[in-house]
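Hi everyone, thanks for coming. Let me put the structure up on the screen, and then we'll walk through it together.

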Amino acid sequence: MQMIEKKVKIAIIGGGPAGLAAALGAVEAGAKPDDILIIERDTCLGGILNQCIHAGFGLHMFGEELSGPEYALRYIKRVKEAGIPYVTDAMALSLSKDKVVTYVSPESGLVKLQAEAVILAMGCRERPRGALNTPGARPAGIYTAGAAQRFINIEGYMPGKTAVILGSGDIGLIMARRMTLEGAKVKAVCELMPYSSGLARNIAQCLDDFDIPLKLSHTVVKIHGHKRLEGVTIAKVDENLKPIKETEEYIECDTLLLSVGLIPENELTEMAGISIDRVTSGAVVNNFRETDIEGIFACGNVLHVHDLVDFVSGESELAGKSAAAYVRGELPRGGKQINITAKDGVRYVVPQNVSGNALDENTEFFFRVGGVMRNAYIEVYSGDELIYRKKKPRLAPGEMENLKLDAKAVETVRQNGDLTFCINRS
Amino acid sequence: MIYDVAVIGAGVIGSMTARELSRYNLKVCLIDKLDDACGGTSKANSAIVHAGFDAENGTLKAKLNVKGCELMPEVCRELDVHYKNTGSLVVSFSDEDDEAVKVLYERGVKNGVPDMRIISGDELFAMEPNLSKNARCALYAPTAGIVCPYELTIAAAENAVQNGADAKFEFEVNDISEKNGVYTLSNGKESVEARFVVNAAGLFSDEIASLTGDASFDIKPRKGEYMLYDKSCDGFVKTVLFSAPSKEGKGILVAPTVDRNVLVGPNAVLTSKDDTETTPMGLAQIAEGASKLVSLPLPSRKTVTSFAGVRPTPTTGDFVIKKSEKMKGVLHLAGIESPGLASSPAVAVYAVELLSEMGLELVKNEKFVPERQKVVRFREMGDNERAELVAKNPAYGRIICRCEGVTEGEIVDAIKRPMGATSIDGVKKRARAGLGRCQGGFCMPRVAEILSRELGIPLTEVTKNGKGSEILTGKTKEVR
């Protein structure tokens with residue numbers, strides 16, 4: 001049996017919110033539905049949203065508070081109505097720089113798909129205990145928050161009865177509430193940093209509302225138990241994030257949930273030889289969300305981890321539109337490439353570069369800061385000129401920011417040819 | 001039924017011995033107190049097939065290591081187990097080290113280790129480009145290699161079962177009595193009877209020896225911690241790198257694994273038999289020791305996991321391979337610490353020779369098949385092979401473990417094979433699902449579902465590694 005060879009104009013790897021919005025963006029920009037194929041590894045479209053049954057999705061996009069599956073369904077319906085082809089239960093195995101996507105599924109077998117454009121929408125994975133080297137044995141009862149969420153929300157099973165959660169990012173906070181609502185006792189949420197990286201509303205709605213203590217500047221220093229978790233030792237950390245022995249405290253529990261970082265899944269991206277930004281762990285892209293291989297685009301969590309799916313949808317729509325333009329040979333080229341520098345409090349900016357021709361007042365820049373800052377100024381420079389300044393009462397690593405430049409600023413950038421984002425705390 | 005031989009301990013020694021015994025017309029029973037083979041030290045070690053220069057001349061360690069190293073490639077081929085002939089370097093950084101390296105060389109020659117050389121300069125750095133620039137010279141042993149220790153152990157046990165041996169798990173021998181040349185091994189509830197007994201109980205081999213009235217040795221558990229780095233670090237080292245030995249032991253090493261990860265460790269700390277905990281100090285120690293060997297910083301942001309194994313160090317200093325003092329049909333294969341893994345093929349052959357001397361009748365089993373049923377590994381196949389496989393059985397078209405590229409078909413195989421997996425760790429050891437960079441974060445729920453379905457057990461009965469390690473505590477809304 002030979003593998004099947006197929007051709008498509010636009011291959012989209014991932015059928016979660018990013019892939020779905022990208023597909024619709026492409027169609028909106030004139031691509032024919034049949035020219036697209038969405039490749040999704042789960043048994044249905046929707047991605048991680050399918051297990052995010054809590055509300056809070058769509059405030060920006062729809063002005064409504066939807067649950068994850070509801071938000072996903074809005075896009076899935078439109079994809080189906082548009083007749084955009086997709087395969088599920090299909091895992092992309094490789095991506096070449098020539099845009100050949102090899103995928104496998106029980107139904108299709110092994111398929112070598114030659115695409116004209118590829119949109120990377122693979123999302124991200126969770127950092128496991130192994131990456132933390134937390135001392136102790138390796139008992140059952142230690143889960144990443146997402147794995148626990150899958151068991152509870154999709155399978156209907158509880159990972160444990162008493163839990164400690166490490167990491168106060170949104171997933172950790174959501175799971176603190178979820179476990180509690182299902183009858184488990186969540187004894188504490190520990191956060192290594194002196195601030196939470198989760199959305200403020202989640203701290204209120206998931207911890208405060210349920211009297212779950214949030215222990216900032218704390219981490220888990222030891223895992224107890226051999227067959228099944230028996231407890232954890234937590235400790236306060238100093239300003240260098242090193243545990244302070246005198247503050248060690250034992251908490252009896254049978255479950256430890258880890259929400260200690262999301263890592264964009266760029267194995268395929270690296271296979272194709274695409275340049276990766278070491279800060280975002282995602283591809284380096286231009287304003288079209290095009291990577292450094294022409295015709296390969298990236299959007300959503302695989303590009304940079306988002307807080308709000310609404311922004312994923314917006315970004316992915318842009319990538320889809322760009323891919324559609326690309327296959328028609330209409331993606332604007334030429335003009336000086338302007339590289340964007342992130343410094344002094346700004347950890348990264350997406351896109352990492354923009355071409356002078358393409359930059360305008362509608363170009364949106366997304367960025368994250370490296371710490372919690374109050375009453376600080378977001379500043380954008382081009383050459384020595386300050387072209388944008390905005391005071392923000394609060395900036396935090398867990399809340400992605402975005403901005404657009406006005407016409408005058410855009411003109412300055414076109415002339416000077418560079419762009420720097422930074423934070424001024426004075 | 002009365003077995004001809006009961007083997008206590010399904011680690012690498014017990015499993016290889018059971019396999020060796022299954023070459024003959026013998027009724028063999030392989031027993032382990034855990035829920036699966038390879039639950040102890042055999043799954044948590046350096047995974048090295050040592051060349052054999054380290055052990056003192058005239059010891060069993062020396063003799064069996066050299067022989068085992070020689071036999072290993074063929075055994076791995078028969079058992080369809082990954083093996084790589086990497087060679088090893090014992091590196092010198094000082095005058096004392098230079099001396100130590102020379103001593104090892106001479107010892108190796110006397111032990112019969114082939115083709116060793118002391119190398120330095122360009123030759124050394126061409127062989128190992130990332131070696132620390134402070135390296136003065138190194139003992140190069142081309143016959144050394146690496147293997148996957150749990151793959152090997154399970155393959156050997158499986159092959160034994162395939163060839164007629166019985167495997168009995170969750171059977172903790174706590175009494176051994178003898179009557180009329182038949183030994184009764186009891187766990188308090190049931191018993192196994194056999195004419196000969198092999199004590200391959202690893203960390204507990206002294207306790208089993210005591211049950212036979214033999215207190216001639218003790219096991220002093222010495223823990224070693226390890227860190228494993230991501231596959232993207234493949235090529236960080238090409239050979240197995242050792243620092244020159246000191247009083248504490250072989251020293252910390254940096255080695256590739258057959259799965260293209262990088263392994264560093266171990267330290268050596270006296271502890272208790274059940275202590276497999278990693279410690280902050282231990283991990284810091286191995287990181288420091290490993291850093292000395294290489295010129296690049298250790299990829300500390302790319303740790304996949306860390307773990308610890310406990311060496312069954314015998315108080316006698318050498319492998320304890322001998323008849324029990326009191327019960328003459330019991331053969332000890334005890335205190336098999338390093339170079340135990342490398343020696344295992346030779347230990348098994350030697351054990352059968354000794355059993356024969358002890359009166360075990362050996363008649364060749366004409367139906368013995370040395371090759372185990374080939375293992376399907378989708379990730380290692382070419383595109384056409386894959387296409388054919390999926391067409392034949394669509395379950396091979398569903399990737400379950402994304403990090404290691406393991407399909408549902410392979411996981412089902414792992415469960416259905418002789419002595420198949422019955423737990424999450426059992427699937428890990430056989431099919432590799434869950435051993436990648438996300439450590440089962442993605443695939444564990446799916447593996448659990450497959451176990452539940454194939455074994456016909458509720459999801460709440462799926463364990464990580466036997467009773468007491470259930471992964472779920474109940475259905476939602478049932479907790480209070």
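Let's start inside chain A, where the side chains of A:Glu265 and A:Arg41 form a salt bridge at 3.2 Å, N to O. By salt bridge I mean a side-chain nitrogen of Lys or Arg within 4 Å of a carboxyl oxygen of Asp or Glu. This pair joins distant parts of the chain, 224 residues apart: A:Glu265 is in the loop between β19 (262–264) and α7 (267–271), and A:Arg41 is in the loop between β2 (36–39) and β3 (55–57). Helices (H or I, at least four residues) and strands (E, at least two) are DSSP runs, numbered from the N terminus. Over all chains, the structure holds 62 salt bridges.

A quick word on what you're seeing: this is a predicted model, where local features need pLDDT of at least 70 and side-chain atom pairs count only at pLDDT 80 or more, while totals for chains, interfaces and linings use all residues. Residues are numbered from 1 along each chain as its sequence is written, chains are lettered from A and ligands numbered from 1 in the order in which they are written, and side-chain values use heavy atoms, with hydrogens and water left out.

How confident is the predictor? The complex gets an ipTM of 0.95 and a pTM of 0.96. Chain B averages a pLDDT of 96, with 99% of the residues scoring at least 70; pLDDT is the predictor's confidence in each residue, from 0 to 100.

Now to the interface. Counting contact as heavy atoms within 4.5 Å, chain A brings 50 residues and chain B brings 56 residues. Together they bury about 4600 Å², 55% of it on carbon and sulfur atoms. That buried area is the accessible area (1.4 Å probe) that two parts lose on being put together, summed over both. On the chain A side, A:Arg138, A:Tyr157 and A:Lys227 supply 15% of the area buried against chain B, more than any other three residues.

How many salt bridges are there between chain A and chain B? The count is five. In one between these chains, the side chains of A:Lys222 and B:Glu277 meet at 2.9 Å, N to O.

Last, the strands. β11 of chain A pairs with β23 (residues 474–475) of chain B in the antiparallel sense, over two bridges; strands pair if DSSP finds at least two bridges between them. There, A:Tyr157 stands opposite B:Lys475 in β23 of chain B.
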